[in-house]
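Here is a short briefing on one protein chain. Have the sequence and the 3D view open while you read.

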Amino acid sequence: MRRVAVKIAYLGTGFNGSQIQPSPELRTVAGEILEKLRLVDHVPDDKVDLKFASRTDTGVSALGNVITFYTEFKDLFLLLRAFNAVSKGVYFRSAVEIPDTFNPRIADKRFYRYSFPDYRIDVERFEQAAKLFEGHHDFKRFAKNETGKSTVMELDYVKVTHDNGLVITEFKANYFLWHQIRRIMAAVIQVGQGMSSIDDVKQALAGKDCTFGLAKSTGLTLLDVTYPDLEFPKPPECPYGKNLRRDLYEDELRLEFHKSLM
């Protein structure tokens, strides 16, 4: 057996989060992957040791999450093709062999994107509010409490762009706190809509006991997870081309249907 790291992508609306849930009928990313491991690989369940770089909540998408597991495949491109051939909703993008000591949770950087419609949004105020979170802060009012974990950390950058009817906010940091981005975005959206002020956000960052709620999970995408000594090679050809064409066709049908309602 060999241990591999695989970069994966998935649309969050198709899953009840990345991790296995107590209710077996709930579809999860981990459940989908484990099912396909049993189908195309020959590693016993107790030896697979499936791990994720980042856990994602129900509705949160990923373009570059990383998983690790043990496999009997020797040809990693063949591994990608085999998994993509049977997968529904998960794209297996790239694979690399790793040592047993590799921990996918210990990453160098994580990149996220949050997209929100620009309808009734003052983009300038939106960006001003978003920029308040850049740098070193105590995010106690902007994260779900995790016992024993410090809420003081640094966001490397927060970048806002406005394109094609969406206000897009990108985040980069070594790690993120639970619900941190969705709580930040709830505050930023309220400022952009005129429901809260820049001073309200500043006071919350300074420690004032208040909350702005939680932005919808479907706007959030994990763009990438990177490591200082690990590169994911580009496969010689796209290993999920058939899946992508199928899903793009289904997207076009949905788009045509919704446009017909306008």
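The model is predicted. Ten aromatic pairs are counted in it. Disulfides number zero. Helix H5 is mostly covered, with twelve of its 13 residues buried.

**Aromatic pairs**

- The count of aromatic pairs comes to ten.
- One of them joins Tyr91 and Tyr240 edge-to-face, at 5.2 Å centre to centre and with 70 degrees between the planes.
- Tyr112 and Phe176 make another edge-to-face pair, 5.1 Å centre to centre, with 80 degrees between the planes.
- That pair also links distant parts of the chain, 64 residues apart. Tyr112 is in strand S5 (residues 109–117). Phe176 is in the loop between strand S9 (166–173) and helix H5 (180–192).
- Both Tyr112 and Phe176 are buried.
- Four phenylalanines form one aromatic cluster: Phe69, Phe73, Phe83 and Phe92.

**Charges over rings**

- Lys144 places its charged end over the ring of Trp178, 4.2 Å from the ring centre.
- Lys159 lies over the face of Tyr157, with 5.6 Å to the ring centre.

**Cysteines**

- How many disulfides does the structure hold? The number is zero.
- A disulfide is a covalent bond between the sulfur atoms of two cysteines.
- Cys210 is partly exposed, because its relative accessible area of 25% falls between the 20% and 50% cut-offs.
- Cys238 is also partly exposed, because its 42% relative accessibility falls between those cut-offs.

**Helix H5**

- H5 has 13 residues. It reaches 18 Å from its first C-alpha to its last, close to the 18 Å expected at 1.5 Å a residue.
- Twelve of the 13 residues are buried. Among them are Gln180, Ile181, Arg182, Ile184 and Met185. The buried residues also include Ala186, Ala187, Val188 and Ile189.
- What covers the buried residues of H5? The cover includes strands S5, S7 (152–155), S9 and S10. It also includes helices H4 (123–131) and H6 (198–205).
- Just after H5, Gly194 takes a positive phi of about 80 degrees.

**Helix H7**

- H7 has 19 residues. Its first and last C-alpha atoms are 27 Å apart, close to the 27 Å expected at 1.5 Å a residue.
- Gly241, Asn243 and Asp247 are buried in H7.
- The face turned away from the buried side carries exposed residues: Lys242, Arg245, Tyr249, Glu252 and Glu256.

Methods
Residues are numbered from 1 along each chain as its sequence is written. This is a predicted model: local features need pLDDT of at least 70, side-chain atom pairs count only at pLDDT 80 or more; totals for chains, interfaces and linings use all residues. Side-chain values use heavy atoms; hydrogens and water are left out. Rings of Phe, Tyr and Trp (its six-membered ring) pair if their centres lie within 6.5 Å; planes under 30 degrees apart count as stacked, over 60 as edge-to-face and the rest as tilted. Helices (H or I, at least four residues) and strands (E, at least two) are DSSP runs, numbered from the N terminus. Buried means under 20% relative accessible area, exposed over 50%, partly exposed in between (1.4 Å probe, protein chains only). A charge sits over a ring if NZ of Lys or CZ of Arg is within 6 Å of the ring centre and within 35 degrees of the ring normal. A disulfide is a pair of cysteine sulfur atoms within 2.5 Å. The expected span of a helix is 1.5 Å times one less than its number of residues. Contact means heavy atoms within 4.5 Å.
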